[in-house]
Amino acid sequence: MAFHDDLRRVRAIAWKDLTTERRSKAGFNSVVALGVTILVLFGFALGPDAQALRDAAAGALWLAVLFAGVLAFNRSYQVELESGALDQLLQYPGPRWVIYVGKLIANSLFVGLMLVIVVAVGIALFQVRIPSAWPALIAVFALGAVGLVVLGTFYAAMASRSRAREVLLPLLLFPMLVPVLLAAISASKALLGGDLMHEAGAWVKLLAAYDLIFMVATLWAFEYVIEV
Amino acid sequence: MTTVAPTLEAPRAGRWTAFGVVSIALLVATQAFAFVSSPPDENMGQLEKILYVHVPAAWVMFVCFAIVLVYSLLFLWKGREEDDLVAAAAAEAGAVFNGLTLILGMIWGKPAWGVWWVWDARLTSTLVLFLVFVGYLALRAFVEDPQRRGQWSAAVGILGALNVPIVWMSVTWWRTLHQMPSSMQSMAKIYWLGMFANFGAMLLVMAYFIRRRYEAAAVARAAEHAAQAAALGGLD
Amino acid sequence: MVIEQSELAIQAQGVARRFGARWVLRGVTLAVEPGEIVGLLGANGSGKTTLLRIFGTLLKPSAGAARIYGHDVVRETDAVRAELAFLAHTPGHYDDLTARENLRFAAEMLGQPAGTNLDAALERVGLGHVINERVRGFSAGMQRRLGLARLLLRHARVLFLDEPYANLDAAGIALMNQVISEAGQAGGAALIVLHELAPAAGMLDRTITIENGRVSATGPAPVPRVRIVPPARAAAQAGGRR
């Protein structure tokens with residue numbers, strides 16, 4: 001019964017965040033536009049040679065998703081801070097993890113949709129040939145995005161409420177995400193190249209383990225960062 | 001979660017000065033021992049002496065981050081302000097040893113590989129770790145409220161420590177899937193003796209560093225508590 | 001105080017709070033009994049809002065203890081949150097949701113059944129004509145009224161109101177006073193931060209003045225509280241609710 005109430009709270013928070021984003025489309029649109037812009041800049045940096053672009057595609061795609069995604073996380077708390085809504089949110093009864101899980105769901109959809117668009121554009125821009133193992137590639141993108149969203153949502157709870165939030169979030173988040181980036185880029189690269197060395201599987205396992213470990217850890221620790 | 005307790009006494013430094021002098025003297029002695037006892041390396045010559053600082057510093061760095069983990073957990077569990085200050089002191093000491101490891105690694109790398117930096121698995125994961133704890137210290141600098149600073153940095157410290165093995169694994173895979181990792185050649189016993197002796201001495205220096213940083217932080221906090229007592233005038 | 005600790009609605013013992021090096025509260029001790037409506041006065045920066053936020057579990061005291069119906073605001077946050085309703089200085093609504101959506105969000109977070117009649121609450125606070133409009137277009141007074149509707153949703157025994165009359169028109173002030181006196185007659189307690197006493201004339205039992213982070217004066221309200229229901233009956237109602 002109590003747990004059912006908590007699930008309702010999770011749904012209410014996720015719905016509220018997504019509705020807010022949907023009604024002010026400017027936020028999502030600019031985040032996507034930034035992701036695409038970063039891809040174009042990478043194109044300039046890596047030169048017009050088709051083979052060079054293809055080789056660097058996995059890395060460029062993931063960095064574009066990372067840089068654009070990092071903007072989404074502070075936004076998610078911005079809506080709570082704008083008119084003092086966080087004060088109200090914290091005064092509702094019930095456990096604190098419902099706030100985290102609700103925001104996690106909303107941010108996953110937000111970042112997921114952004115990722116789909118940026119990756120689609122990236123595939124065209126970098127002249128990527130879709131490999132036959134494309135379902136595995138989708139799994140890699142999904143697992144990588146989950147890792148990004150879990151830590152991003154967690155660290156933004158602190159960074160968004162501190163001085164210097166613009167610099168603090170990436171400073172805390174990016175080093176923590178090194179395993180996600182290495183695994184996601186390496187696995188994407190391997191799969192795009194046909195995975196001749198059969199190395200993508202190991203990376204996928206690492207991604208899954210990372211996601212699981214940090215999901216548990218952040219769920220436990222969220223109470224300490226939001227309620228102070 | 002408990003509130004920061006308003007009882008924190010300024011620690012007395014006395015004995016720790018002697019401790020510091022002894023541990024630094026011991027470190028000098030173990031360095032001298034390693035210098036004298038170890039024959040020059042076949043390939044690197046006398047440059048192998050760097051390893052007697054580089055390797056123990058790396059080990060001590062891991063000890064520091066383990067202390068951050070333990071005291072961060074303790075702080076979240078018990079809410080004692082002292083634990084938060086110890087974790088912060090250990091993070092500072094850890095960052096110093098971490099930086100030392102990196103710089104010596106680069107100095108080693110120049111003659112060994114001909115360049116200042118290679119994306120070697122050990123060196124790279126040490127760098128990532130350094131960035132994680134730079135973030136930890138930056139967060140502490142940006143948050144003023146002691147309770148908030150304590151809880152936030154404890155969370156960051158715990159997650160950072162949790163990430164150490166994962167970062168190491170991912171970076172190692174990243175390297176080894178492409179080429180053989182650069183590792184130290186199997187070493188003779190005499191090298192190991194010098195290594196462990198220096199590690200022991202450096203541990204003592206680390207304890208001294210942490211203690212001193214803790215004292216500085218605790219004195220500052222005790223002064224704030226004294227100001228509190230004055231501000232609250234006659235309360236209790 | 002003859003009364004048992006746990007029977008006090010609101011209690012503070014030596015509550016202190018600092019921000020950085022500045023001590024905003026320097027040891028506030030006060031008590032409010034069930035059924036009592038108390039005005040909290042003091043100059044800007046005297047610590048009124050900080051004290052209210054400590055009672056509202058939004059800030060932890062640096063020293064001292066605060067309790068709501070005997071529940072410690074630091075250790076028993078859930079029990080405290082179940083008792084109180086807090087009207088903050090900031091509206092705390094989501095600008096891109098409509099009035100009804102904001103209220104439904106609050107109801108779901110409070111764990112209330114899905115069928116709760118939200119429109120009735122909106123009608124009561126005079127927002128019946130803008131139920132489906134987004135809060136972004138609301139005036140400050142309308143936002144305050146929506147805050148009042150959210151407050152009504154909680155059926156709380158303790159009200160903390162931070163300058164509740166700000167931005168309200170005459171009808172809004174009357175509505176606010178109606179809500180406060182209903183709560184008082186049902187045996188609830190209220191602590192109201194006020195900058196001027198005029199709008200709350202006839203509402204308050206007494207006032208507490210905070211100066212420089214300490215209670216500097218406490219006394220009866222200049223205009224005594226007008227009780228529609230005799231105190232004895234109010235107390236009986238309070239007993240019945242528990």
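**Entry 1: the sheet of chain C.** I looked up the strand order in this predicted model and found an open sheet of 4 strands in chain C, in the order β2-β1-β4-β5, with antiparallel pairing. I noted that β2 (22-32) and β5 (71-72) of chain C stand at the edges; each has a single partner strand, so one side of each is left without a neighbour in the sheet.

**Entry 2: the pairings.** I went through the strand pairs in sheet order. β1(C) and β2(C) pair in the antiparallel sense over 8 bridges, and C:Phe19 stands opposite C:Arg22 in β2(C). I checked the hairpin of these strands: 2 residues lie between them, and C:Gly20 takes a positive phi near 60 degrees. On to the next pair, I found 5 bridges between β1(C) and β4(C), again antiparallel, with C:Gln13 opposite C:Ala65 in β4(C). For β4 (residues 63-68) of chain C and its antiparallel partner β5(C), I recorded 2 bridges; here C:Ile68 stands opposite C:His71.

**Entry 3: cover on the sheet.** I asked what lies across the strands. Helix α1 (residues 48-55) of chain C lies across β1 (10-19), β2 and β4 of that chain, and runs at about 115 degrees to β1(C). I then examined burial in β1(C): the strand is mostly covered, with 7 of its 10 residues buried.

**Entry 4: the side facing chain A.** I looked up the contacts between the chains: 21 residues of chain C are in contact with 20 residues of chain A. On the chain C side, α2 (77-83) and α3 (99-109) each supply at least two residues.

How values were computed: Residues are numbered from 1 along each chain as its sequence is written. Chains are lettered from A and ligands numbered from 1 in the order in which they are written. This is a predicted model: local features need pLDDT of at least 70, side-chain atom pairs count only at pLDDT 80 or more; totals for chains, interfaces and linings use all residues. Two residues are in contact if their C-beta atoms, placed from the backbone, lie within 7 Å. Two strands pair if DSSP finds at least two bridges between them. Axes are lines fitted to C-alpha atoms, for helices over the stretch in contact, and angles run from 0 to 180 degrees between N-to-C directions. A residue is buried if 20 or more other C-beta atoms lie within 10 Å of its own, exposed if 12 or fewer, and partly exposed in between; C-beta atoms are placed from the backbone.
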